[in-house]
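I opened my notebook and looked at the model one topic at a time. Here is what I looked up.

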Amino acid sequence: MNDKNQTPVTPTLLQASKYWLKLGFISFGGPAGQIAIMHQDLVENKRWISEQRFLHALNYCMVLPGPEAQQLATYIGWLMHRTWGGVIAGVLFVLPSLLILMALSWIYLSYGNLAVISSVLYAIKPAVVAIVLFAAYRIGSRALKNKWLWGISLLAFIAVAVFKIAFPWVVLGAALVAYIGAQYHPQIFSVANSHGSKKASYGAAIIDDNTPTPLHAIYQPRKLVKLLLIGFTIWLVAIGAIFAIYGWEHTLTQMAWFFSKAAMLTFGGAYAVLPYVFQGSVEHYSWLTAPQMMDGLALGETTPGPLIMIVAFVGFVGGWTGQVLGVDSVLLSGIVAASIVTFFTFLPSFIFIFAGAPFVESTKNNLKLTAPLTGITAAVVGVIVSLALFFAQHIFILEKSIDWLAIAGTILALFALIKLKLSIMQLVFIFAALGLIKYFGVMYI
């Protein structure tokens with residue numbers, strides 16, 4: 001069926017689009033879980049891209065502000081099917097999450113009864129911890145090829161989890177250590193140091209280690225400048241149109257401006273920028289309350305798509321409660337505000353990929369440039385584990401008591417992922433069903 005000795009057939013843009021849409025609906029587990037899904041699908045099963053090229057692209061996305069999993073999907077879509085491939089991949093990665101969060105936000109604001117949703121979220125959260133740990137295991141088992149990379153990963157974990165060092169500094173430190181180390185011991189940080197395991201495990205890929213760079217991905221400085229100017233023009237026209245219609249002080253204009261700034265600060269994923277979003281949305285603009293923000297975070301953690309999609313919840317609640325389009329159009333107000341917030345949050349991600357990816361492709365065989373990225377990948381494994389610890393602290397500890405049922409759920413989920421080989425989508429649906437059973441069981445007792 002899947003002959004590893006044969007290169008798979010290149011999918012058409014339509015076939016690829018169907019996959020990106022499916023991914024948008026099943027991308028649970030935050031960036032770690034989403035990257036794990038893409039690795040399993042695109043590297044191991046479909047073999048659209050080799051592991052070395054996949055990790056090289058991932059390393060670049062890790063150092064950018066913005067959601068790295070969405071950027072990785074955009075990168076691979078662009079590499080395979082040019083600009084439209086990247087646009088479709090990036091948009092479809094986000095669109096299902098946006099629509100789902102809009103629907104959940106409407107239920108949240110219209111009825112205010114989250115009992116059934118709370119039961120489902122309670123059941124899914126332990127599975128999310130397992131998904132993140134499983135992602136760290138999968139990526140770490142391939143990226144941590146020697147004790148030095150293990151050491152970088154451990155130091156990154158300690159830096160984030162214990163000393164609360166900001167992710168950009170961890171990334172910079174890992175890149176610097178790897179760059180200096182490669183000058184003396186290049187074999188330690190060589191991404192090609194895999195002893196042939198990749199090809200033996202997965203077989204040839206459409207975009208393989210030695211596949212020539214396609215014409216559209218060849219780096220040209222003038223093209224880089226052109227794309228940056230196009231991206232800036234799109235942003236300027238969009239925010240200028242909102243300003244022209246509503247004025248600068250209007251909620252929609254302020255949302256566009258605020259989340260444009262927030263998008264440039266999302267180094268290290270959503271958790272790095274959440275304090276900034278909380279401060280601005282709750283304390284400065286009063287678009288929503290602190291309890292509403294926490295409810296939105298819970299919804300964002302357990303819906304598909306990037307966790308930064310919590311901004312759509314913020315926009316919807318702010319637009320609805322602020323009645324930005326009039327008292328008789330609260331639903332439309334929420335939809336428009338959520339859409340504007342999402343647009344300005346994700347626009348920079350597309351610009352960074354389309355403008356910068358050609359340069360990154362030109363560095364794939366240059367050890368001086370790939371060694372820092374290899375160090376970053378090692379650090380990211382440690383950061384992913386720290387993220388799992390963050391989840392666990394908020395899920396396993398209720399006030400001052402330990403939730404042993406949640407701990408058992410995580411252990412069971414890990415067993416299902418590692419031993420039973422359940423897919424992430426299957427796992428999430430099973431645990432969601434357990435939450436519904438718990439809810440209806442309590443109702444009729």
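Which helix gives the largest share of the nonpolar patch? I found that α14 does, with three residues. This is a predicted model, so I noted that local features need pLDDT of at least 70 and side-chain atom pairs count only at pLDDT 80 or more, while totals for chains, interfaces and linings use all residues. Residues are numbered from 1 along each chain as its sequence is written, and side-chain values use heavy atoms, with hydrogens and water left out.

**Entry 1: the patch**

I listed the members of the patch. Trp 106, Tyr 111, Leu 331, Leu 332 and Ile 335 form it on the surface. Together they have about 480 Å² of accessible area. Two elements give two or more residues to the patch: α4 (68–111) and α14 (330–361). I wrote down the patch rule too: its residues have over 30% relative accessible area and no salt bridge, like charges are joined within 9 Å, and nonpolar side chains (Val, Leu, Ile, Met, Phe, Trp, Tyr) within 5 Å. A salt bridge is a side-chain nitrogen of Lys or Arg within 4 Å of a carboxyl oxygen of Asp or Glu. Accessible areas come from the Shrake-Rupley method with a 1.4 Å probe, and for residues only the protein chains shown count as cover.

I then picked Ile 335, which lies in helix α14. Its relative accessible area is 33%, so Ile 335 is partly exposed. The cut-offs: buried means under 20% relative accessible area, exposed over 50%, and partly exposed in between (1.4 Å probe, protein chains only).

**Entry 2: the whole chain**

How many helices and strands does the chain have? I read 17 helices and two strands. Helices (H or I, at least four residues) and strands (E, at least two) are DSSP runs, numbered from the N terminus. The chain has 445 residues, and 54% of them are buried. Its accessible surface comes to about 20300 Å². Carbon and sulfur atoms hold 69% of that surface. I also checked contacts, which means heavy atoms within 4.5 Å. Among contacts between residues at least 6 apart in sequence, 75% join residues at least 24 apart.

Is Ser 333 buried or exposed? Ser 333 sits in helix α14, and its relative accessibility is 0%, so it counts as buried. I set aside neighbours within four places in sequence. Ser 333 is then in contact with Gly 319, Trp 320, Gln 323, Val 324, Leu 325 and Gly 326. A polar atom of the Ser 333 side chain lies 3.0 Å from the backbone nitrogen of Leu 325.

Thr 342 is also found in α14. At 7% relative accessible area, Thr 342 is buried. A polar atom of its side chain lies 2.8 Å from the backbone oxygen of Ala 338. Leaving aside neighbours within four places in sequence, I found Thr 342 in contact with Val 94, Leu 98, Met 309 and Ala 312.

**Entry 3: loops**

I looked at Ser 50, in the loop between α2 (30–45) and α3 (51–62). Ser 50 counts as buried because its relative accessibility is 7%. Leaving aside neighbours within four places in sequence, Ser 50 is in contact with Val 43, Ala 205, Ile 207, Asp 208 and Asp 209.

Next came Ser 286, in the loop between α11 (270–284) and α12 (290–301). Ser 286 has a positive phi of about 60°, although it is not a glycine. Its relative accessibility is 54%, so Ser 286 counts as exposed. Lys 421 lies in the loop between α16 (404–418) and α17 (424–443). Lys 421 also has a positive phi of about 60° and is not a glycine. At 66% relative accessibility, Lys 421 counts as exposed.

**Entry 4: rings**

How many aromatic pairs does the structure hold? I noted 21. One of them is Trp 248 with Trp 257, a tilted pair at 6.0 Å centre to centre and 55° between the planes. The rule: rings of Phe, Tyr and Trp (its six-membered ring) pair if their centres lie within 6.5 Å; planes under 30 degrees apart count as stacked, over 60 as edge-to-face and the rest as tilted. Ring pairs link Phe 232, Trp 235, Phe 243, Trp 248 and Trp 257 into a cluster.

Definitions and conventions: Polar contact = N/O pair within 3.5 Å; in protein donor to acceptor, adjacent residues only side chain to side chain.
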